Amino acid sequence: MRKACAVAGVTVLVVAGAGVAGVPGAVGASGGGGGDGRPDLSRFYTQKIKWAACTGDTEAMAEATGGAEDIRCGHVTVPIDYAKPGAGTVDVQMIRMKSSTSGKPRGSLLLNFGGPGGPGVSALAGAQKDFGFLSKDYDVVSFDPRGVGRSAPVSCGDAEESTGPASGGAEDAAAVLKEMREVAKECAARSGPVLPHMGTVNVSRDMDVMRQALGDKKLNYLGFSYGTRLGAVYAAQFPKKVGRMALDGVDTLTEPVAAQSLATAEGRQTALDNFLTWCTGNAGCVFGTDSRAARQSMVRLIQEMDEMPLRSMSGEEFTGQDVVGVLGQALYSRQAWPALSQALGALLADGDPRALIRMSGGLAHTAVREEVPGDNMAAALMAVNCADDPDRPDAARIEKEVGRLQKEFDAASPVFGKSMLTPVLLCFGRPPGTTYIREEVRDVQTPKLLLVGTRGDPATPYRWTEETARRLGPQAVVLDNKGDGHTGYLGSECVQDKVNGFLLYGETPKTGSSCAAE
């Protein structure tokens, strides 16, 4: 369960449940309708995108990171419910970085930066240089998925922030579950009609509408983190429409939300241990020279700040869980470790959290602030993950197991366990999600797919790359990145060269290919 920046270095962590048991008319189809009994989607598949200058925060970010002259914004209109296309629509906001080729570009390359809940428009506006090489032959395009950013953003207000795992017996567990039901109601009240139709299955269908509107016969795609789940679902729904597809930081297609959260807690704890070992091996580390003592100090710091938060001049609190949130982002990339060490030093030595707060703003996907609720990323993440997960244990089972889950998550990570258990409970009170991803996304009949797994990835463990490759079948080719960090494209020149070669020139690495740690 990824809560933020999918790509390290990109300046960018009745209710939801798609309820899509099947995907009518999706496999290899465009449009549909007529005498075959499928809903008529032709009006969505005949639209053209009207590109225009970006405005507001997006324009300012583009100017600051590479210029806005080659950046344009637009949108496609998609049905809220593909089974009832006349029952309302959503405008999915898009951004295009025009190809720099002097000739005719190959077409479009669609990017998804992960999340779920990460806005692609602001992410690409702030990362033009990172994808400039790919623009030699492609118009590079990204988008805010339905419910995210400017695309009918969902929100739960501050309801999710007030929740947390129970701390005691059955009475505490029952109280938490009651609170979860209230959160679900608040999310529904604030989010509007798109909320019950969130989820990867519907976003994948939206991508096919985008492909057609962009004028591409095939979808060329680069997905990071959660974006790999989205790419895999598209490959299963529209195998005949797949062009060149690269998936970096590969997500699971089979594990329930609880297992995903536990794996992420374990991965982040390993990354934190590695950071503290690195820090204590360098002069000036605020934690001293003993890595074991440093781990104990980190746990103690978070506990003390949860009990007695720091307060700003305006009265806002900075808690131990706020520190955990910053750690979760900064540990995605070794490049952030020196800055993290300095920020923690300021906090411990002077009680000054400002550097950590700045890191939080710089490492998360940069949300477009205009007309976007502050909790949109968190609300969208939960809506999508719950919509993709068909498991919904009843209240009696959760009340019985919550104590065990607490111990399991605390054992996996004394730092991240609490924050990663809360999202598991937040699916309670929401309808069961789709079974399509677990049951149908397998053995795809597409051109070769390039899957990149990083051995030291704190968010998407390498085993997910191997498992997903087996699920997708012989068309999936794995590139083994021996390095650290979440995803490999921007952290490894070797990975970037191989992904670029695949997307630009169709050069598929041999099975068993790897990139050494850099």
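Guide: A cavity, as the word is used here, is a set of grid points where a 1.4 Å probe fits but cannot get out, and its lining residues have an atom within 4 Å of such a point. The model under discussion is a predicted one.

The largest cavity holds about 100 Å³ of space. Its lining consists of Arg 229, Thr 252, Leu 253, Thr 254, Glu 255, Gln 260, Asn 385, Asp 388, Asp 389, Ile 437 and Arg 438. By class, five of these lining residues are charged, four are polar and two are nonpolar.

The second largest cavity has a volume of about 70 Å³. Around this second space lie Asn 112, Gly 114, Pro 116, Gly 117, Gly 118, Pro 145, Arg 146, Val 148, Met 198, Val 203, Tyr 226 and Val 384. Here the lining divides into seven nonpolar, four polar and one charged residues.

The largest share, five residues, is supplied by H13. The lining of this pocket comprises ten nonpolar and six charged residues, with no polar ones.

A pair of aromatic rings is described by the distance of the centres and the angle of the planes. In the whole structure, nine aromatic pairs are found. One of them joins Phe 113 and Phe 131, whose ring centres are 5.7 Å apart and whose planes stand at 75°, so the pair is edge-to-face. Phe 113 belongs to the loop between strand E3 (107–112) and helix H3 (120–125), while Phe 131 belongs to the loop between H3 and strand E4 (138–143); the pair therefore ties together parts that are 18 residues apart in sequence. Phe 113 and Phe 131 are both buried.

Another pair is formed by Trp 278 and Trp 337, with ring centres 5.8 Å apart and planes at 55°, so this pair is tilted. Trp 278 counts as partly exposed because its relative accessibility is 28%, and Trp 337, at a relative accessible area of 4%, is buried.

Ring pairs also link Phe 113, Phe 131, Phe 224 and Tyr 489 into a cluster. A contact of another kind involves Arg 455, which lies over the face of Tyr 462 at 3.9 Å from the ring centre.

These details may finally be set against the chain as a whole. The chain has 17 helices and eleven strands. Of its 518 residues, 58% are buried. The accessible surface of the chain is about 20,400 Å², and carbon and sulfur atoms account for 49% of that surface.

Conventions: Residues are numbered from 1 along each chain as its sequence is written. This is a predicted model: local features need pLDDT of at least 70, side-chain atom pairs count only at pLDDT 80 or more; totals for chains, interfaces and linings use all residues. Side-chain values use heavy atoms; hydrogens and water are left out. On a 1 Å grid over the protein atoms alone, a cavity is a set of points where a 1.4 Å probe fits but cannot get out, and a pocket is an open set with protein on both sides within 12 Å along at least five of seven lines; lining residues have an atom within 4 Å of a point. Grid points are joined across faces, edges and corners, and a volume is the space filled by probe spheres set on the points. Ala, Val, Leu, Ile, Met, Phe, Trp, Tyr, Cys and Pro count as nonpolar, Asp, Glu, Lys and Arg as charged, and the others, Gly among them, as polar. Helices (H or I, at least four residues) and strands (E, at least two) are DSSP runs, numbered from the N terminus. Buried means under 20% relative accessible area, exposed over 50%, partly exposed in between (1.4 Å probe, protein chains only). Accessible areas come from the Shrake-Rupley method with a 1.4 Å probe; for residues, only the protein chains shown count as cover. Rings of Phe, Tyr and Trp (its six-membered ring) pair if their centres lie within 6.5 Å; planes under 30 degrees apart count as stacked, over 60 as edge-to-face and the rest as tilted. A charge sits over a ring if NZ of Lys or CZ of Arg is within 6 Å of the ring centre and within 35 degrees of the ring normal.
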